[in-house]
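Visitor: I would like to learn how to read aromatic rings in a protein model. Could you walk me through an example?

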Amino acid sequence: MDRTRKADIDLGPLPELIGYVLRRAQLVVFQDFFAAFAPFDIRPAQFSVLTVIERNPGLRQSEVAEALGIKRTNFVGMLDALEARGLTERRQAAGDRRSYALYLTAEGAALMRKLRPVLKAHEARMVARVGEEGRDRLIALLHEITPADETPRARNGTRSLKAAKASRSPRPGLAEI
């Protein structure tokens, strides 16, 4: 299909629907993310899991999955893959033989250090499209859509998830992105 034909397609109300426009924006963001993180073989959900584990060592599997809104069955497979790559490890949770606490391995911590500048550059490309003020407004608006009781909200490097379940482990330093 040539570009002039594509411009003639009537999308009806779609361009005015939050969900449609949000999904289109997500595709652009994810395409950039995939390209930037491809050399590390890291996908967005994996990066999110690694970030939460890095910032909250010792959380149980169920806590990380819940914090990120990942179904338990999907999370176990993802965690198995991260563990097979030597990036994360499960340790028996103190006081609960049925649960495992999650930690980054030394290799996982090293990878996260390598990913910080990649993330910073990715985020800068996205901010360049909307500007700093636009980014701040967009994030605030998206937080308004997401019910506070469904997603732990940590802002500006502060811990959430009930202060990582009453601080099972010391808080990692606030590394800049």
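This is a predicted model: local features need pLDDT of at least 70, side-chain atom pairs count only at pLDDT 80 or more; totals for chains, interfaces and linings use all residues.

Visitor: How many aromatic pairs does the structure hold?

Guide: There are four aromatic pairs. Let us start with Phe33 and Phe37, whose ring centres are 3.9 Å apart with planes at 5 degrees. Planes under 30 degrees apart count as stacked, so this pair is stacked.

Visitor: Where do Phe33 and Phe37 lie?

Guide: Both belong to helix α2, which covers residues 18-37. They are four residues apart, about one turn of the helix.

Visitor: What kind of pair do Phe33 and Phe47 make?

Guide: Their ring centres lie 6.1 Å apart and their planes meet at 65 degrees, so the pair is edge-to-face. This pair links distant parts of the chain, with Phe33 in helix α2 and Phe47 in helix α3 (residues 44-55), 14 residues apart. Phe47 is buried as well, at 12% relative accessibility.

Visitor: Which residues do the ring pairs link into a cluster?

Guide: The cluster is made of Phe33, Phe37 and Phe47.

Visitor: And which charged end sits over a ring?

Guide: That is Arg91: its charged end sits over the ring of Tyr103, 3.8 Å from the ring's centre.

Conventions. Residues are numbered from 1 along each chain as its sequence is written. Side-chain values use heavy atoms; hydrogens and water are left out. Rings of Phe, Tyr and Trp (its six-membered ring) pair if their centres lie within 6.5 Å; planes under 30 degrees apart count as stacked, over 60 as edge-to-face and the rest as tilted. Helices (H or I, at least four residues) and strands (E, at least two) are DSSP runs, numbered from the N terminus. Buried means under 20% relative accessible area, exposed over 50%, partly exposed in between (1.4 Å probe, protein chains only). A charge sits over a ring if NZ of Lys or CZ of Arg is within 6 Å of the ring centre and within 35 degrees of the ring normal.
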